[in-house]
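Colleague: I would like to learn how to read a fold element by element. Can we go through one together?

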Amino acid sequence: QDYVLYVRSLGLRKNHLSLLKSWQRLAAVHGDKLPKLVLAGSRWKESNIFPFLKQTRWLDGKVAHVSGLADADIAALYRNCRFTVYPSLNEGWGLPVGESLWMGKPCVCADNSSLPEVGGKWVTYFRADDLASMDAALERAMKYDMKITRADSSSAPKATLSGSVNLVAAYPRTESAGDAELKQKIKSAVLAKLDGQVDVAMLDA
């Protein structure tokens, strides 16, 4: 099934309500052609999205929530999604953005705090406090067939937009031992459990 993926816990700081309202507006435009939005993560007590989801019947079936998934299930969600979205209002590092790129999936995310450092120029950004900006970024991601691929094991990752733009992706192959070590730590973090179970020390470089 065609879907867009969000991975991480569900709390106020993650800005899900704005994302859901954006998805609601997109549903009014695209109808059945709009992919499902899958929220994969544990629910925090202060999350404000579930009354909205109940009121809108989960946007008439356009939103799903899953939690408590094993590492293999998270990896499968990444592999099979069209792209990922990360609307957070503030981040210390932005692990899901790096995970998305590492797993070969484009990401649409907010342009604040550490997120641009993680995504560089290989991510489609929007202003988290600007719903029109979020709408436009999501529309662009759905309009173009954005892909991040590896041509072969010896080459750097490539990012391709609509088959017309070929770019070196966020985590290029390097010969530096330090870079190789950091890259391995990022890879390990992708395979670690999410929702507060990732050891932040894994990311210290």
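**Reading the model, feature by feature**

Modeller: Leu 59 counts as buried, because its relative accessibility is 7%. Keep in mind that this is a predicted model. Leu 59 lies in helix 3, residues 57-61. Its phi is positive, about 50°, although Leu 59 is not a glycine.

Colleague: Now the strands. How do I read the side chains of a strand?

Modeller: In a regular strand, side chains alternate between the two faces of the sheet. Take strand 1 as the case. Tyr 3, Leu 5 and Val 7 point one way from strand 1. Val 4 and Tyr 6 point the other way.

Colleague: Which way do strand 1 and strand 2 run, and how many bridges join them?

Modeller: They run parallel, and 5 bridges join strand 1 to strand 2, residues 36-40. For a landmark, find Val 4, which stands opposite Leu 37 in strand 2. The chain goes from strand 1 to strand 2 by way of helix 1, residues 16-30. This β-α-β crossover is right-handed.

Colleague: What joins strand 4 to strand 5?

Modeller: Here 3 bridges join strand 4, residues 84-86, to strand 5, residues 107-110. These two strands run parallel. Val 85 stands opposite Val 108 in strand 5. Between strand 4 and strand 5 the chain passes through helix 5, residues 95-102, in a right-handed β-α-β crossover.

Colleague: Where does strand 5 lead across the sheet pairing?

Modeller: Strand 5 is also joined to strand 6, residues 124-126, by 3 bridges. Strand 5 and strand 6 run parallel. Cys 109 stands opposite Tyr 125 in strand 6.

Colleague: Back to helix 5. How many of its residues are buried?

Modeller: The count is 8 of the 8, so helix 5 is largely enclosed by the rest of the structure. The buried residues of helix 5 include Glu 99, Ser 100 and Trp 102. After helix 5 comes Gly 104, with a positive phi near 85°.

Colleague: Helix 7 next. How do I check its length?

Modeller: Compare its span with the value expected at 1.5 Å a residue. Helix 7, residues 131-143, has 13 residues and reaches 18 Å from its first C-alpha to its last. That is close to the 18 Å expected.

Colleague: Which residues of helix 7 are buried?

Modeller: They are Met 134, Asp 135, Ala 137, Leu 138, Ala 141 and Met 142. These residues cover an arc of only 165° around the axis, which puts them on the same side of helix 7. The face turned away from the buried side carries the exposed residues Ala 132 and Lys 143.

Colleague: What happens at the start of helix 7?

Modeller: A side-chain oxygen of Asp 130 comes to within 3.1 Å of the backbone nitrogen of Ala 132.

Colleague: Which side chain does Thr 124 contact?

Modeller: The side chain of Thr 124 makes a polar contact with that of Arg 140, at 3.3 Å. Thr 124 is found in strand 6. Thr 124 is buried, with a relative accessible area of 9%.

Colleague: Last, the cysteines. How many disulfides does the structure hold?

Modeller: A disulfide is a covalent bond between the sulfur atoms of two cysteines. The structure holds 0 disulfides. Cys 81 is in none, and its nearest cysteine sulfur, that of Cys 107, is 9.3 Å away. For Cys 107, the nearest cysteine sulfur is that of Cys 109, 4.7 Å away, and Cys 107 is in no disulfide. The cut-off is a sulfur pair within 2.5 Å.

Colleague: Are Cys 81 and Cys 107 buried or exposed?

Modeller: Cys 81 is buried, with a relative accessible area of 3%. Cys 107 is buried too, with a value of 2%.

Note on methods. Residues numbered from 1 in each chain as written. Predicted model: local features only at pLDDT ≥ 70, side-chain atom pairs only at ≥ 80, totals over all residues. Heavy atoms only, no water. Buried < 20%, exposed > 50% of the residue type's maximum accessible area, 1.4 Å probe, protein only. Helix = DSSP H or I, 4+ residues; strand = E, 2+ residues; numbered from the N terminus. Pairing = 2+ DSSP bridges. Right-handed = clockwise from strand over helix to strand, strands pointing away. Expected span 1.5 Å × (residues − 1). Arc of directions from axis to C-beta. Polar contact = N/O pair within 3.5 Å; in protein donor to acceptor, adjacent residues only side chain to side chain.
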